[in-house]
Amino acid sequence: MASLYLHIPFCEHKCVYCDFYSLATNGSDSQDAGRYDRFVAALKREIELRAADPRFASTYDTIFFGGGTPSLLSASHIEAILNLLHKRFIIADHPEITMEANPGTLERGRLADFRRAGITRLSMGIQSFFDDDLKFLSRIHTAREAKDCVREALRVGFDSVSFDLIFALPSQTLERWESNLRQAVELSPNHLSCYSLIVEPHTPLQRMVESQQVQLPSEDVDAEMYERTIDFLTTQGYRQYEISNFARPGHECRHNLAYWTHQNYLGFGPSAHSFWNDRRFWNVPSLQRYLESLEGGSLAESGSEVLLSDQLIEEEIFLGLRSSGIDLQRFEKRHGIALLSVARKQINQFIDDGLVVVEEGRIRSTKKGYMLCDEIASSLIRFHPHPETRLEVHAFSPYIAHSCSSA
């Protein structure tokens, strides 16, 4: 199975913490409509060009509209894109089709329109149920609008409804964060993503922190909020299946799981990344250059790399510890390394320290281990059987990171 990702690079307003490629809209309905039409035409052209390449013949199990804010597009745009994907690619029966959405862009009736267009799963960038937090984060919706949006999404029949929350905000207390979690669970979503606020380079938030306009909670408070998150959501029937993601049984995001297990995926749109048979390639991070390339009949690819064996080992360890675990049999089959044997002493120490467990043929992080998974990964990577190659945990593909984005 493989996956399809479509990057929609428009936002009504750029949030202070966001470093994903997106552009603020013009604020003119007619101008924006023309801009969206032109972009969708280019996106469809890219789909046609990729689909004509026999290397990408596969069955696709998930489709994900990310951004930016995909919900700025019309339901007719989304439907046209999905119709073309079904026409040009082999789409599995009962695919997971996710769209990221901002509650501030979902006037009454639009959710039902998106559901009829073919979206089965909704992922909403709510972030907080406190209006002052939302104002700081530059969100365009209110807490009340967010709650109404979740209820409406469940009412119109999406197969799964997910939303994001951010903790470790300036001046945020444990009590306020716990209130966010309680309010979230009261809405009965199938899936929750809970992230610590990260100060990304070249964002307004970085400038605010560096100029001491805002002060973030200490690392100890951040860690306690994360631990409280795991404890609370577990008692409410959510299973942690990835470092920041929690789901009711059967509602894990299949699209994200494809990233964590190095399955093939194709990305469309400016800045989108793809991964296919150990090769990673990506599009230009510029809407204008993207449009010019596709309108001229050419793909907008700007770079690529073939991952060497050492890189694949590194990523599989890192991603496995962040998610459902390292499948030991699959790891040995792919890389010729019996990880339990070559790193037995260190793994036993991690088990004794309560950081990992070995069960059902996998090395999995525990609640405590998730908080230290990068350090655990670095230690396991050092047991690579070729000591002349020293691997280091690094920042992975922006597209992998983008699986944790919010509209």
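Two strands pair if DSSP finds at least two bridges between them. With that in hand, look at the open sheet of three strands in the order β15-β17-β16, where the pairing is antiparallel. Its edge strands are β15 (326-327) and β16 (356-359), each of which pairs on one side only. The element names come from DSSP runs numbered from the N terminus: helices are H or I with at least four residues, and strands are E with at least two.

A word on the model before we go on. This is a predicted model, in which local features need pLDDT of at least 70 and side-chain atom pairs count only at pLDDT 80 or more, while totals for chains, interfaces and linings use all residues. Residues are numbered from 1 along each chain as its sequence is written, and side-chain values use heavy atoms, with hydrogens and water left out.

Back to the sheet. Strand β16 is joined to β17 (residues 362-365) by four bridges, and the two run antiparallel. If you want a landmark for this pairing, find Val358, whose bridge partner in β17 is Ile363. Helix α14 lies across β16 and β17, running at about 110 degrees to β16. Angles here run from 0 to 180 degrees between N-to-C directions, and axes are lines fitted to C-alpha atoms, for helices over the stretch in contact.

Helix α14 also has a helical partner. α14 (residues 344-352) and α16 (residues 373-381) pack at an angle of about 160 degrees, with their axes 10 Å apart. Gln346, Ile347 and Phe350 of α14 make the contact with Ile376, Ser379 and Leu380 of α16, where contact means heavy atoms within 4.5 Å. By class, this contact has four nonpolar, two polar and no charged residues. In this scheme Ala, Val, Leu, Ile, Met, Phe, Trp, Tyr, Cys and Pro count as nonpolar, Asp, Glu, Lys and Arg as charged, and the others, Gly among them, as polar.

The axes of α6 (residues 174-186) and α8 (residues 219-235) come within 10 Å and cross at roughly 30 degrees. That makes α6 roughly parallel to α8. From α6, Leu174, Trp177, Glu178, Leu181, Arg182 and Val185 meet Glu224, Met225, Arg228, Thr229, Phe232 and Leu233 in α8. Residues of this contact divide into seven nonpolar, one polar and four charged.

Helix α15 (residues 367-370) holds Lys367. At 31% relative accessibility, Lys367 counts as partly exposed; that class lies between buried, under 20% relative accessible area, and exposed, over 50%, with a 1.4 Å probe and protein chains only. Leaving aside neighbours within four places in sequence, Lys367 is in contact with Glu227, Ile230 and Asp231.

Strand β7 (residues 160-167) has eight of its eight residues buried. In a regular strand the side chains alternate between the two faces of the sheet. In β7, Ser160, Ser162, Asp164 and Ile166 point one way, while Val161, Phe163, Leu165 and Phe167 point the other way. Strand β7 pairs with β6 in the parallel sense over six bridges, and Phe163 in β7 is the bridge partner of Met124. Six bridges also join β7 to β8 (residues 191-196), again running parallel, with Ser162 standing opposite His191 in β8.

Just after α3, Gly118 takes a positive phi of about 125 degrees.

Strands β9 (residues 239-242) and β10 (residues 245-247) run antiparallel, joined by three bridges, and form a hairpin with two residues between them. Finally, Ser286 sits in the loop between β13 (279-283) and α10 (287-295). At 16% relative accessibility, Ser286 counts as buried, and beyond its neighbours within four places in sequence Ser286 is in contact with Tyr21 and Pro270.

Terms used. Parallel < 35°, antiparallel > 145°, perpendicular 65-115°, else oblique.
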